[in-house]
Amino acid sequence: MDEAIVAVKGVNKVFEGRGGQRTVALQDINLRIAPGEFVSIIGPSGCGKSTLLRVVGDLVEPTEGEVMVAGKSARAARLAQAYGIAFQAPVLYEWRTILKNIQLPMELRGFSKEEKESRAREMLALVELADFGGHYPWQLSGGMQQRAAIARALAMRPSLLLMDEPFGALDEMTRERMNLALQAIWQKTETTVIFITHSIAEAVFLSTRVVVMSARPGQIMEEIGIDLPLPRDERTHQLPRFFELLNEVRSSLRRAEGVHDGA
Amino acid sequence: MGRQTVALVIVLLTLVMVWEGVKWVGGDPWFADSNPWGIEHNPPFRFKFASNLNLPHVWDIAAAFGKASRRNGPPLYEILWYASLFTFREAVTGFVLGGVLGFGLGVVFVHSQLLERSLMPYIVASQTIPILAIAPMVIIWLQAGWVSVAVISAYLTFFPVTINTLRGLRSPDPMALELMRSYAASPWAILWKLRLPAALPQIFTALKISATASVVGAIIGELPSGIRDGLGGAILNFNSYYISGPERLWATILASAGVGIVFYLLVVGVEWWVLRNRAGEVSA
């Protein structure tokens, strides 16, 4: 029986440039993610980690290989709105209030007014923005906007949450608070998360597994299980094991970059 | 708003002072009975363009509004009021026709590169043809009186709407489109829930241009059409009697400008209302 919620098998992605030059963004990617996991994908810029996320979300079609999400093809999963997604930027529609932004995916599915309203309120409470439903995005700080974007991603109660460097644009302090919040949301909703990041500390703090990728071509170098106790909070940062894992991921990343440098 | 009004008044006063200043320096002699203050003055120079025929006194233009333009006729302001309404109706109709056409083309083009590439050159070319050359033909083809004039006005209106609608519909961030794709949204939903709202600021920019252009189009359209009820007709009429009363043509020009400005402000008002919740102020 296939227990994985995400199964990526032998995926290659080649982008054809204008002059006929080919860029291999992903090469022979194999990745299985079990339900409830929090998997971070980390790697140097241009390693194809965002492309991999988009392949899972059926936003980019792989050149070769097979992607299964929640027991369906990636396409069927997208059509069934099996996943929610959050990007680097909040991508809130500026002409909608926060509440209306969160209702957008439900609106497209023809939910009843009451259902939209109650579920959007519930999501707002989950990301601790209960009092801000009537605000417009530009009236909120960057961190609050990103929390609203997460609420929107969770609105359809997806079994999978795809996050593409969602906190990359935030300052360090906000980022740490967002990490704590995301950690709590993940625990509460029991959603599976694929999380793209540049930050080693963020990856280690949040994840149950860190996938390290190398660039050109984008390949999976190593997978590191994160055995820090759950739930994680401010104290997690002080655990000796946290530092060990930090170093482990760091040296793995170095090896990932070294492959490229030596080639 | 208060400061804007003050600025507007200052600009208007400055214009009047420059106008009369030129006439003070190089116009015809000022006689006591020809101005409200009884000033007698002999300007040191005689500029041809500043004569009373070429550049009537501001108060003479103002007074012309109250005088009958022909013997026993109604006062000029009444004639101009009805002419303005007539032309405004043509302009609004043309504006709506042109706006709908321009918007429709923008929507079609954003969905079909093929159509955009094949049709856009002709649309651009259409705008290089002088409206004065087309107007008589449209009048003859359509045989529809003021509606023909509205069509001519639409011709001058649709182009900025097409260009700006297209740009606006293409303005959403790639991630905003990916978000819609992740929701498996239909092209229709993407258009109505993302592209169109995102395009509104740019569409309104075009509509502001088009509002004034539609008035110009309507006036020009009236000229070869034989329609005498609008501002175009009034301009032709007072132009041919210029020698005996230049103020009347100037008054008509002011009325024409007034119609354009009112239309423009109407669009600004709608824009303000529609975009009132967006970040950044609406600029007039």
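User: What area is buried between chain A and chain B?
Analyst: This is a predicted model, in which local features need pLDDT of at least 70, side-chain atom pairs count only at pLDDT 80 or more, and totals for chains, interfaces and linings use all residues. Residues are numbered from 1 along each chain as its sequence is written, chains are lettered from A and ligands numbered from 1 in the order in which they are written, and side-chain values use heavy atoms, without hydrogens and water. Buried area is the accessible area (1.4 Å probe) that two parts lose on being put together, summed over both. Carbon and sulfur atoms give 63% of the area buried between chain A and chain B, which is about 2,100 Å².

User: Which three residues supply more than any other three of the area that chain A buries against chain B?
Analyst: Together these residues supply 28% of the area that chain A buries against chain B. They are Tyr93(A), Trp95(A) and Leu108(A).

User: How many salt bridges does the rule find across the interface of chain A and chain B?
Analyst: A salt bridge is a side-chain nitrogen of Lys or Arg within 4 Å of a carboxyl oxygen of Asp or Glu. Lys193(B) and Glu107(A) meet in a salt bridge through their side chains (2.7 Å, N to O). Across the interface of chain A and chain B, the number found is 3.

User: Which element of chain A gives the most to the side that touches chain B?
Analyst: Helices (H or I, at least four residues) and strands (E, at least two) are DSSP runs, numbered from the N terminus. Helix 2 (74-79), strand 6 (83-86) and helix 3 (98-108) of chain A each give two or more residues to this side. With 4 residues, the element that gives the most is helix 3 of chain A.
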